[in-house]
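Dear colleague,

Please find below the structure we discussed, together with its sequence.

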Amino acid sequence: MMVLTKKMIEIRSMLQMIGKSDTLLLPSIVVIGFQSSGKSSVLEAIVGHEFLPKGSNMITRRPIELTLVNTPNATAEYGEFPALGVGKITDFSQIQKTLTDLNLAVPASECVSDSPIQLSIYSRNVPDLSLIDLPGYILINSEGQPPELSQKIDDLCEKYIQSPNVILAISDAPSDLANSAALRACMRVDPRGERTIGVVTKMDLVEPSRGASILRNRDYPLRLGYVGVVSRVPQQSGGIFSRSSGNFTDSVTNNEAAYFSAHSAEFGKSSELAVGIRTLRTKLMRVLEQTMASSLQSTSDAVQQELEEATYEFKVQYNDRPLSAESYLAESLDAFKHSFKEFAESFGRAKVRELLKGELDQRVLDLLAQRYWNKPVSDLAPSLPEPDPLSALPKAGLDSVYWQRKLDASTSSLTKLGIGRLATTVVANALQSEVDRLIAESSFASHPFAQQAITAASTGILNERFLGTSDQVENCIKPYKYEIEVNDSEWANGRQEITSVLSHELKACEAAVKSVENAFGGKRKLQDVMSYIDRIRKGEVVLEGNGVGGAGGFSAALLAKGREALFLRDRATILRMRIAALKSSQCAHPASKYACPEIFLDVVANKLTATAVLFLNVELLSEFYYNFPRELDRRLGRGLAKTDVERFAREDRKVRGHLDAIRRKELLEKVLGKMKTLNLLEESERREGHRE
Ligand code: GDP
């Protein structure tokens, strides 16, 4: 028969996992009583261990949903807090400490909390029971307690003592039962005394004859009756109380038995009074079983309805699409790897060449500006004759060592730039930012955990390859540091490329002039300040001071803008001139390299790029394309623990909703299946009962 309670308790725990729902409740036994009425002592006597929070100031602040599971074949006894996930706790003083901590976690301002603590205890010595310990009623607020405490406790108890729960109403014998807060509450919600068990504690503190008459209470008769108990752990030995053994249960029950048998005249078998913790335990098991059995049908109807709703929601919202945390991760990972593969196919040698050449074009432009085009433009030292910014360009005397040295120095600046490090950095950065883009476009975008793993995978590989690649590239471009030969076709190609780079630069320069003009509020004003600066340069005007506070009616800020515009104008002029030169017959052959340093440097840049690309492709790209997907598998695929997969999937709000819907549906199906079996079991037991 007891199988039913056990199964029902299992179902109760499953229903708790499904989540709060008023319709999905199986009955439990709720324990109420005044503070210090002996509530904890009774519960501990039933469990056979001290485990409830104690202490002068320790009032229970949260309901404790206590599930007792009888494990007939197990030797070890242990407790579990399912919501905390801390595993089995075999030390009951540790359970007591955890309960105390959970209790103290409720802020004093909140007084008591509705949110229950779930605790399961597994032991061969406990019956299958589901009990809820509630905060004890208090009469008047003692000092330091918030004034609304008493009302809050009343409200909390009121919520739990509703049908179909069984109420265990604790009252202590020395107090008048008429004043028992527990019994008064029961009279209100269970006026006919149908589902209340009265427990009278501290029977040893009243005269046995009085104790017996209390148990015969005629004022509030209960169908399930009253049970008298002596549930305190004896403190001193001697007298009728003695610690017969170290065992808690034996110690309580033996002393209780000693008391009742010492007063067998009042409590003996013939008196028909129910006394003792054992009697109480048996009664609780029987009553819970009956109550659960009678609510089996209504609960299974409620579960059926809930399941229909869950099935409907799953169909409407998720189109019956199956999903698990594992499948979601696997699909996301596959999609990511697929988009990475697509990227890898598009990002080959040609792309790397383009990137690197673009970077070197900038370096070449800088070098040209530094060594050929720019002259110091100073309006701060007008006494020195200002050289013509264009005079430094090769025009005549090209055979002179001067121009040869200039080109040699420029070439060597380019080849000794640290090409290895530069090229590797450019490509590694490009790969990293592409991976970032792929993450942002993938379903991993809403998963910080996965993002971190993917980024770690790519930086890990890139960092590991960095030094080796950079050294290799540097080594291979070494010959160019000594000698560079240029043939006609390389020259023609360089001529074309650098002309287009300069044209591009010219456009950028002109756009920059435009934006300075706009910032100035018109071309005219800009021209005024520019011609003023021009006159300073030519020595026609002497700048007072150093122009910090402004000059010539222009503010310092205007002068600065003017200088910027002048610089851009000069640069545009030079660029136009050089483009014309490059296109002219003067620059048609490699022989004219001193006159056309732009083309020569472009050819050098091209040679450096081609060699670097060769090694970057082998050392960095291919390695990265091969290792990255494997590294992803290692970090996000098979290597991931189940809890991490679950945590990952639940990071996404939509996926979480989807998974919850499936889990709810599955749990309800499982519960319903179990309930159907139980219904059959119960029916057959009833039939057997009739036959007997
Ligand atoms: P709670 O506040 O209702 O949980 O009450 P406790 O179980 O903590 O008991 C309050 C006090 O009454 C404690 O000092 C217990 O030792 C004592 N007590 C509990 N049950 C009995 C009993 O049956 N007989 C005697 N003499 N004392 C008891």
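A polar contact is here a pair of N or O atoms within 3.5 Å. Please note that the model is predicted.

A backbone N or O atom of Ser36 is placed 2.7 Å from a ligand oxygen atom, and a polar side-chain atom of Ser41 is 2.5 Å from an oxygen atom of the ligand. Taken alone, the ligand exposes 580 Å², and the protein buries 76% of that area. Of the 14 residues around the ligand, those that come nearest are Ser36, Lys39, Ser40, Ser41 and Asp204. The shell comprises three nonpolar, seven polar and four charged residues.

With regard to the fold, the protein chain contains 20 helices and nine strands. Of its 692 residues, 48% are buried. Among contacts with a separation of 6 or more, 81% join residues 24 or more positions apart. The accessible surface of the chain is about 34500 Å², and carbon and sulfur atoms account for 52% of it.

Helix α3 spans residues 92-104 and reaches 18 Å from its first C-alpha to its last, close to the expected 18 Å. Its buried residues include Phe92, Ile95, Leu99 and Leu102. The buried residues of α3 pack against β2 (64-70), β3 (78-80) and β4 (117-123).

With kind regards

Methods
Residues are numbered from 1 along each chain as its sequence is written. This is a predicted model: local features need pLDDT of at least 70, side-chain atom pairs count only at pLDDT 80 or more; totals for chains, interfaces and linings use all residues. Side-chain values use heavy atoms; hydrogens and water are left out. Helices (H or I, at least four residues) and strands (E, at least two) are DSSP runs, numbered from the N terminus. The expected span of a helix is 1.5 Å times one less than its number of residues. Buried means under 20% relative accessible area, exposed over 50%, partly exposed in between (1.4 Å probe, protein chains only). Contact means heavy atoms within 4.5 Å. A residue is near a molecule or strand if one of its heavy atoms lies within 4 Å of it. A polar contact is a pair of N or O atoms within 3.5 Å; within protein, one must be able to donate a hydrogen and the other to accept it, and residues adjacent in sequence count only if both atoms are side-chain atoms. Accessible areas come from the Shrake-Rupley method with a 1.4 Å probe; for residues, only the protein chains shown count as cover. Ala, Val, Leu, Ile, Met, Phe, Trp, Tyr, Cys and Pro count as nonpolar, Asp, Glu, Lys and Arg as charged, and the others, Gly among them, as polar.
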